[in-house]
Structures are given as C-alpha cells and as structure tokens.
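Please open the structure in your viewer and keep the selection tool at hand. The tour below moves from one selection to the next and says what can be found at each stop.

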Amino acid sequence: MNIAQIFKNNHDWVQEKLNLDKNYFKNLSKGQNPDILYIGCSDSRVSAEELMGIAPGEAFIHRNIANMVPNTDLSSMSVIDYAVFHLKVNHIVVCGHYYCGGVKAAMQSKDLGILNPWLRNIRDVYRTHRFELNAITNEDERYKRLVELNVQEQCINVIKTAEVQRAYRSRGLTVHGWVFDIHSGNLIDLKIDFPKVLENVMEIYRLK
Ligand code: CO
C-alpha cells in the first residue's frame with residue numbers, strides 16, 4: 001500500500017466533489033442527519049457505503065469482527081444509543097457476509113487468544129442453533145447458514161436494548177438483517193420476520 005498515493009487520491013476526490021458542488025464540504029460540515037444505522041463486519045472486502053451506493057452523511061456506521069452486537073460491548077451499545085436516541089435513525093441494519101473470517105474461526109476449535117471471548121459470542125449462536133446447523137452436511141452450506149443465523153441473533157441483540165424498544169413503539173423504527181454475498185456482489189435481505197421474532201423474544205426481554 002502506497003500511503004502517499006492515499007493523500008493524492010484524497011486530493012483528487014476533494015477536487016472532484018468541489019467541481020460538482022463548490023459547497024459540498026461546507027454543507028457536509030453543518031451536521032449529520034442519517035436515517036440508517038449500519039452494523040457490519042470489518043472485513044476489507046465489505047465496504048459499507050460503496051455496496052449500498054450511498055454518500056457521506058447517509059448512514060451511521062459501526063464495524064467490528066463478524067458484525068457483532070454483544071450485550072456488554074460498550075462500543076456497539078454506545079453506537080446504537082447515539083444513533084437511535086440522538087440521531088433518530090429509523091432503520092438499523094445488521095449486515096453479515098458470506099466467507100466471514102470471524103464466523104469461520106468460530107467454527108474451528110483453535111485457541112486464538114484475545115479473540116476467544118469475541119468469538120465465543122458466535123459459538124453461542126452456533127449452540128443456540130446447533131440442531132439446524134449440524135443437520136447441514138455440506139460444510140460450506142453450514143458456514144453460510146451460520147453467517148445468516150449470526151445476523152439474526154445480532155438483530156435480536158439490537159432489539160433487546162431499551163432505546164430500540166422505545167423507538168420501535170414510538171416511531172416504528174425497523175431492524176433489518178442482510179447478508180452481502182462477496183461471491184456475486186449482491187446484497188441479500190434475509191427477510192427476518194421481526195414481528196414473529198419480537199413476539200418470541202419479548203416475553204423475556206421486554207423493557208418498559
Ligand atoms: Co467478516
């Protein structure tokens with residue numbers, strides 16, 4: 001990676017934006033009003049804005065290994081709180097991707113040091129759905145299904161939070177589970193039936 005080239009690219013990008021709109025950065029500096037919170041994987045191949053075809057200012061973005069929303073993770077919890085309570089986003093997307101290294105690592109029994117507690121959250125997803133997963137004999141298919149189920153479980157973790165439940169009731173905030181298929185470039189909506197999922201989890205997680 002040529003670091004000097006990055007600054008040249010940035011210079012070209014600034015010129016390109018200013019040629020289209022001389023007030024582009026002046027307007028950008030006025031503040032942000034995104035309607036979407038996107039939670040995705042840190043994987044270098046899964047760019048958030050580019051794959052959604054959106055511009056700076058349109059989505060609040062959080063990325064970590066395997067697009068996780070662990071219940072006690074201060075980083076993702078703060079991002080959700082800020083996006084929902086202060087920015088007032090109306091959509092939260094958890095976007096996983098096939099061929100996710102984090103999910104793959106969780107399917108293996110290797111000791112990975114500090115990554116262990118993080119990956120245990122994915123192993124918990126496997127345990128929750130082990131009968132369905134173990135019934136899939138093709139390893140590639142099982143791996144893909146775990147990616148999808150992990151997205152679903154992280155969406156549930158989003159729904160467990162008080163601010164999301166409040167926004168769901170007061171302004172109809174919606175949560176979406178997506179998967180990016182690196183092999184084709186397509187974004188897939190998992191069409192998670194949230195009223196049904198909510199009904200299932202709310203008995204336990206409902207907050208007033
Ligand atoms: Co990944």
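In which strand does H176 lie? Bear in mind, as you select this residue, that the model is predicted; H176 belongs to strand β4, which covers residues 174-180. With a relative accessible area of 22%, H176 counts as partly exposed, because buried would require a value under 20%. If you set aside its neighbours within four places in sequence, you will find H176 in contact with H91, I92, V93, V94, C155 and F194.

Next, select helix α8 (residues 139-159) together with helix α10 (residues 194-205), whose axes come within 11 Å and cross at roughly 65 degrees, in a right-handed crossing. On the α8 side of this meeting are C155, I156 and I159, while α10 brings F194, V197, L198, V201 and M202. Sorted by class, this contact holds eight nonpolar residues, with no polar and no charged ones.

Finally, move to helix α4 (residues 74-86), where the buried residues are S76, M77, V79, I80, A83 and V84. Looking down the axis of α4, you will find these buried residues within an arc of 160 degrees, so they line one face of the helix. They pack against β1 (36-41), β2 (59-64), β3 (91-97), α8 and α9 (162-171). Just after α4, select K88, which takes a positive phi of about 60 degrees.

Methods: Residues numbered from 1 in each chain as written. Predicted model: local features only at pLDDT ≥ 70, side-chain atom pairs only at ≥ 80, totals over all residues. Heavy atoms only, no water. Axes fitted to C-alpha atoms, helices over the stretch in contact; angles between N-to-C directions. Helix = DSSP H or I, 4+ residues; strand = E, 2+ residues; numbered from the N terminus. Left-handed = near helix turned anticlockwise from the far one by under 90°. Contact = heavy atoms within 4.5 Å. Nonpolar A, V, L, I, M, F, W, Y, C, P; charged D, E, K, R; others polar. Buried < 20%, exposed > 50% of the residue type's maximum accessible area, 1.4 Å probe, protein only. Arc of directions from axis to C-beta.
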